[in-house]
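Hi there,

Here is the model I promised to pass on, with the sequence alongside. Please open it in your viewer, and then read my notes below.

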Amino acid sequence: MNDQNNMNNGFGGPGPQQQGPFNNMNGNMQGNGMPNNGPAFNQQNQGYGMPPMGNPNQQFNRNNNMYNNGGFGGGMPPMQPPKKKKHLGLIIVPVVLLLLIGIGVGVFMHLLKSGYLYEHGQLVKIYNVTGKCLQHHFTEADCTHPETCEICGLEQGDPLGHDWVDATCTEAKYCDRCGEVEGEPLGHTCIQGYCERCDEYQDELEDEIYDIIAAVALGDTYFDYYLTHLSYYDLQYDKGWYEGTRDMSYFETAYDSYEYAIETCGDYEEFADIKEALQNLIDTMPMDKPKYNVDSCQKYCDDLNDAIDLRDPVTEACSDLADLLEDD
Ligand SMILES: [Zn+2]
Ligand SMILES: [Zn+2]
Ligand SMILES: [Zn+2]
């Protein structure tokens with residue numbers, strides 16, 4: 001204010017040559033129809049050549065006139081408002097765009113979080129196109145796989161590992177969770193009698209046992225029959241072994257029956273004992289007739305007695321076999 005006052009003082013102060021423009025300026029001002037300023041200005045003009053007097057309001061008004069008339073020309077609208085309108089347009093468009101983008105992102109995020117995009121397979125499509133998994137959806141881990149994202153295949157954590165249940169006589173080792181089987185069932189400790197592991201009765205060889213026992217019994221019957229006849233003829237006739245052994249066929253039937261029992265035993269461990277006993281028996285049984293001399297007859301008699309002795313182990317083994325049937 002003070003600078004402008006000084007300027008005006010200097011402006012108003014000089015001589016008559018400067019008064020002309022000053023008056024013209026005043027005239028223009030009046031022509032512009034700004035009467036309010038007129039009086040103040042005129043008043044100042046009347047005091048031509050005088051330093052401005054004390055009224056600060058008058059000086060202020062005059063400054064305004066100077067400013068409006070000289071600097072910007074009369075009647076022009078201020079410059080600022082049009083600039084503001086342009087800026088407003090430049091701001092509104094991006095704001096609206098940002099707003100729309102924001103709404104779009106908001107809706108998208110809502111659909112993502114609510115699971116809509118996942119349920120409708122959109123996440124997979126997005127992943128296939130962009131290679132970005134927007135939201136992992138992990139499957140539960142199982143025995144052999146860790147948690148795995150259904151969409152991008154990302155794995156996390158470790159597989160659970162199998163929950164093995166030990167093998168039993170009849171079931172192989174298996175996983176209690178996924179059912180995977182490994183190896184074979186252990187099998188029972190025997191195929192006949194009670195299993196030592198599970199105590200279950202096994203009767204796989206039952207038919208064979210009956211066959212063996214029956215065959216041994218038949219053999220014994222014929223063996224005894226032969227001995228009876230032998231003794232009888234031996235007692236009744238002194239003529240020699242031929243007479244005494246004419247019923248050799250009994251002995252042969254006994255032999256055949258024992259042999260059948262041995263075949264029935266097969267290679268089963270359960271029948272190992274009786275098989276051995278029977279084999280010893282038939283190996284010892286004298287099947288060739290003795291010759292008509294004392295030595296030969298003596299040897300036949302000795303062999304026969306040995307065979308008779310070997311029937312006891314057979315009887316014992318048969319009894320053990322019957323035990324395997326006992327609780328059936
Ligand atoms: Zn994923
Ligand atoms: Zn498993
Ligand atoms: Zn068992």
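First, a term for what follows: a residue is buried if 20 or more other C-beta atoms lie within 10 Å of its own, exposed if 12 or fewer, and partly exposed in between, with C-beta atoms placed from the backbone. This is a predicted model, where local features need pLDDT of at least 70 and side-chain atom pairs count only at pLDDT 80 or more, while totals for chains, interfaces and linings use all residues. Residues are numbered from 1 along each chain as its sequence is written, and chains are lettered from A and ligands numbered from 1 in the order in which they are written.

Let me start with helix 11. Helices (H or I, at least four residues) and strands (E, at least two) are DSSP runs, numbered from the N terminus. On one side of helix 11, Ala 272 and Asp 283 are exposed. Its buried residues are Ile 274, Lys 275, Ala 277, Leu 278, Leu 281 and Ile 282. Seen down the helix axis, these fall within an arc of 165 degrees, so they line one face of helix 11 (the arc is that of the directions from the axis to the C-beta atoms).

Leaving out residues up to four places away in sequence, Ala 261 touches Ile 212, Ala 215, Val 216, Gly 219 and Leu 278 (contact means C-beta atoms, placed from the backbone, within 7 Å).

Elsewhere, Asp 303 sits in helix 12 (residues 294–309). Asp 303 is partly exposed, with 16 other C-beta atoms within 10 Å. Beyond residues up to four places away in sequence, Asp 303 touches Thr 284 and Pro 286.

Finally, the sheet: 3 strands form an open, antiparallel sheet in the order 1-2-3, where strands pair if DSSP finds at least two bridges between them. Strand 1 (138–139) and strand 3 (155–156) stand at the edges with a single partner strand each, so one side of each has no neighbour in the sheet. Strand 1 is joined to strand 2 (residues 147–149) by 2 bridges, and Phe 138 stands opposite Cys 149.

Best wishes

Methods:
Contact = placed C-beta atoms within 7 Å.
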